2 protein chains.
Amino acid sequence: MVNHILLMVNIHRAKILKALRARGDYVSGEVLSKELGISRVSVWKHIRSLGQQGYVLDSSPRGYRLTFAPDLLLPYELPGWEQETRHFQEIDSTMDEARRLAKAGAGEGVVVVAESQTHGRGRLSREWSSPRGGIYCTLLLRPQLAPAYAPRINLMASVAVARAIRRLFGLPAELKWPNDVLIGGRKVCGILSEMEAETDAIKYVNVGIGINVNSSVSQSGATSVSDQLGRNISRKELLTAVLEEISEQQRLLTRVDLLDEWRKLSATLNRNVRIAAFGEEIEGKAVDIDANGALVVRCRDNSLRNILAGDCFHL
Amino acid sequence: MVNHILLMVNIHRAKILKALRARGDYVSGEVLSKELGISRVSVWKHIRSLGQQGYVLDSSPRGYRLTFAPDLLLPYELPGWEQETRHFQEIDSTMDEARRLAKAGAGEGVVVVAESQTHGRGRLSREWSSPRGGIYCTLLLRPQLAPAYAPRINLMASVAVARAIRRLFGLPAELKWPNDVLIGGRKVCGILSEMEAETDAIKYVNVGIGINVNSSVSQSGATSVSDQLGRNISRKELLTAVLEEISEQQRLLTRVDLLDEWRKLSATLNRNVRIAAFGEEIEGKAVDIDANGALVVRCRDNSLRNILAGDCFHL
């Protein structure tokens with residue numbers, strides 16, 4: 001199923017880039033060849049390929065020196081994820097590609113990432129604008145979980161994104177139920193999941209994450225990391241942090257700790273909300289989230305409703 | 001997508017059988033030909049095919065007379081479902097066939113039914129014994145529902161089966177959470193569902209129903225309709241009733257009425273139960289079911305747990 005030759009290529013290039021960056025000066029082809037255990041011709045071919053992808057590498061009798069790296073989410077720029085990542089300059093939708101991979105038997109942890117999408121999808125078949133400069137990725141998971149608990153996976157992913165943004169940039173990222181990430185009340189990230197499941201077991205769930213990063217966002221109610229910071233950031237650093245946080249949070253999938261993390265970051269709790277679900281509208285105060293990922297709303301008649309899915313509006 | 005020629009065949013044969021049964025005597029080929037608006041040669045071909053399938057039809061100068069009908073779940077024996085039913089003498093699994101059909105775009109309401117299965121599946125990849133004499137079917141639904149509410153679909157199907165068994169045979173069928181049907185504390189029917197879904201929308205859900213009908217069941221904890229009644233029953237009558245009940249109950253999918261139906265038929269409520277979920281064991285008294293299909297259990301420390309999925313043992 002997995003293309004092993006491709007995976008070795010990713011690992012070799014990650015090692016070459018690491019060695020060049022560590023040295024900050026020329027590294028000879030011979031040294032690279034020895035460190036990687038591949039021929040000098042192979043080293044040269046990798047160097048040439050990196051050049052074609054936008055890296056600028058000085059070549060001299062002393063060896064190779066890295067002078068510029070493009071801001072692309074290439075597998076060999078995502079430490080720890082070199083083998084799992086499938087990178088596309090442009091794709092229909094990372095969700096569609098991840099689905100094709102899942103159906104073909106791809107394993108837990110595969111990440112599909114694209115610089116831009118021609119048919120990016122949001123929730124409820126809404127379009128997800130996907131110009132270059134954002135992060136558009138889908139993570140394939142095969143958790144041992146009943147599908148009824150799938151809302152927890154979305155909570156987990158939104159917690160991971162908010163934590164990564166806070167940790168790297170100190171921005172006050174918050175969560176809007178069910179699974180948006182906001183900064184200053186504006187949406188910076190949307191999450192969409194797609195699964196195939198039996199009554200008691202998820203076969204696969206693809207978690208799609210779209211983050212507005214280095215692009216100025218004009219839609220009302222939306223924002224981007226760069227709009228908030230006033231400068232562009234390293235997308236590969238942010239994506240690596242998000243993937244690390246997901247690995248971390250995934251251990252919490254079946255534990256209440258996940259809910260505590262969500263509560264801490266929530267912009268929805270203690271707010272008056274209106275939720276559209278089942279063609280019904282429910283208004284009240286969001287008082288808690290339950291173990292199933294349902295938002296607990298106290299309605300006007302003082303009754304409590306546990307709502308598992310729906311569109312939420314902060315009032 | 002749909003094979004229209006096959007569907008017309010089913011409707012013609014249903015009409016022929018109906019005419020022969022209504023008359024209870026010979027019906028001429030000419031009358032059948034006029035009633036169906038097809039040639040006498042076509043009528044003769046249908047009669048011959050029915051004969052090959054086990055029907056016994058007297059043929060005389062006065063026409064055709066039906067003297068025996070096999071107990072098979074053929075589409076033309078399921079009034080109202082002639083066009084939706086795909087019948088197999090033997091199949092790997094009706095779930096697998098329904099999945100193939102769903103992926104190929106088959107619409108809401110298609111029923112895959114088999115006289116026996118070589119790889120019948122139960123929950124959690126358990127084998128489902130599928131000898132001739134039982135009912136093994138999968139119903140393809142495309143409800144407008146978030147996947148988080150999928151447990152309600154299983155509740156709905158179990159309510160439908162229990163109601164059909166009660167209505168036709170007066171047997172005290174009850175429900176064991178999450179979706180077994182019991183008679184006298186023994187399992188007579190299991191339900192398995194499989195779905196493909198996005199965060200907010202189910203693409204399709206296949207509901208598999210396996211009923212022990214005209215077979216003596218020796219496993220402890222299991223029973224069959226014939227074991228309970230002391231005689232064999234008409235499987236096509238039972239399947240038709242189940243499908244009718246599902247059509248009826250489906251309107252309740254998003255309404256609390258469904259939960260009231262489930263409560264009325266429940267063998268689990270007010271019982272001490274042990275539930276294995278998430279590798280965790282929860283013991284307590286089952287006190288209610290919530291709007292999401294979760295069983296509400298009062299634990300020993302008096303706390304309430306809403307459990308969406310798991311294996312339930314009545315203590």
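Me: How many bridges join strand β8 of chain A to β8(B), and do they run parallel or antiparallel?

Reply: This is a predicted model, in which local features need pLDDT of at least 70 and side-chain atom pairs count only at pLDDT 80 or more, while totals for chains, interfaces and linings use all residues. Residues are numbered from 1 along each chain as its sequence is written, and chains are lettered from A and ligands numbered from 1 in the order in which they are written. Strand β8 (residues 186–198) of chain A and β8(B) are joined by 5 bridges and run antiparallel. Strands pair if DSSP finds at least two bridges between them; helices (H or I, at least four residues) and strands (E, at least two) are DSSP runs, numbered from the N terminus.

Me: Which residue is the bridge partner of A:E194?

Reply: The partner of A:E194 in β8(B) is B:E198.

Me: How many residues does the contact take from each chain?

Reply: It takes 27 residues from chain B and 28 residues from chain A, where two residues are in contact if their C-beta atoms, placed from the backbone, lie within 7 Å. On the side of chain B that touches chain A, α5 (151–169) and β8 (186–198) of chain B each supply at least two residues, and β8(B) gives the largest share, with 7 residues.

Me: What is the make-up of that side of chain B?

Reply: The side of chain B that touches chain A divides into 15 nonpolar, 6 polar and 6 charged residues. Ala, Val, Leu, Ile, Met, Phe, Trp, Tyr, Cys and Pro count as nonpolar, Asp, Glu, Lys and Arg as charged, and the others, Gly among them, as polar.

Me: Changing topic, what does the domain assignment of chain A give?

Reply: It gives domain 1 (4–68), domain 2 (75–265) and domain 3 (272–314); such bounds come from an automatic or database domain assignment. The C-alpha centres of domain 2 of chain A and domain 3 of chain A lie 24 Å apart. Their contact takes 11 residues from domain 2 of chain A and 10 residues from domain 3 of chain A. On the domain 2 side, α5 (150–169) and α8 (257–265) of chain A are the elements that give two or more residues.

Me: Where is the cis peptide bond in chain A?

Reply: It joins A:W177 and A:P178, with omega about 0 degrees. A:P178 is in the loop between β6 (173–176) and β7 (180–183) of chain A. In chain B, a cis peptide bond joins B:W177 and B:P178.

Me: And what is phi of A:N302?

Reply: Phi of A:N302 is near 75 degrees, a positive value in a residue other than glycine. Most residues other than glycine have a negative phi.

Me: Is A:N302 buried or exposed?

Reply: A:N302 is exposed, with 7 other C-beta atoms within 10 Å. A residue is buried if 20 or more other C-beta atoms lie within 10 Å of its own, exposed if 12 or fewer, and partly exposed in between, with C-beta atoms placed from the backbone.
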